[in-house]
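Please read the following explanation with the sequence and the 3D structure side by side.

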Amino acid sequence: MLNKSDRVLKERLQDRKEWVEYFSECLLHHNINDKVTNEFYKERPILSFIFMIYFLPINLAKYLSKLKISHYHNKCKKEVEILKRELEESEKAD
C-alpha cells in the first residue's frame, strides 16, 4: 500500500513528465520557426541583414526566451530522474 509521500511523489512525477513534454513541444516550435526564417531569408541576404539589425532587441529577447525554455526542460528532465529514483528507493524500503 502506498503511503502519502509516495502518492505525492507519483503525482509530482506525473506533473513533471507533462511539463517535460510541454517544453519539448515549445522547443520543437522554436526550431521549426528558426528553420522557416533561415529558409525564407536565404534568398534575401540584404533584407535579412536589415531586419537582423532592426529587430536585434526582439531577436535577443527571443533567444533568451528559448534559452529559458531549454533550461526549464533540462531541469524538469533531471527532476523526473530524481523522482523516479526516490520512488524506487521507497519501494525497496517497503
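A residue is called buried when its relative accessible area is under 20%, exposed when that area is over 50%, and partly exposed in between (1.4 Å probe, protein chains only). By that scale Lys42, at 58% relative accessibility, counts as exposed. This is a predicted model, in which local features need pLDDT of at least 70 and side-chain atom pairs count only at pLDDT 80 or more, while totals for chains, interfaces and linings use all residues. Residues are numbered from 1 along each chain as its sequence is written, and side-chain values use heavy atoms, with hydrogens and water left out.

Lys42 meets Glu39 in a salt bridge (3.1 Å, N to O), a term that stands for a side-chain nitrogen of Lys or Arg within 4 Å of a carboxyl oxygen of Asp or Glu. Both residues lie in helix H1, three residues apart, about one turn of the helix; helices here are DSSP runs (H or I, at least four residues), numbered from the N terminus.

The whole structure holds six salt bridges. One of them joins Glu79 to Arg12, with the closest N and O atoms 2.5 Å apart, and this pair links distant parts of the chain, since Glu79 is in helix H3 and Arg12 in helix H1 (residues 4–42), 67 residues apart. Glu79 is buried, at a relative accessible area of 17%, whereas Arg12 is partly exposed at 40%.

Lys66 pairs with Asp34 in a further salt bridge, the closest N and O atoms being 2.9 Å apart. Lys66 lies in helix H3 and Asp34 in helix H1, so this pair ties together parts that are 32 residues apart in sequence.

Methods: Helices (H or I, at least four residues) and strands (E, at least two) are DSSP runs, numbered from the N terminus.
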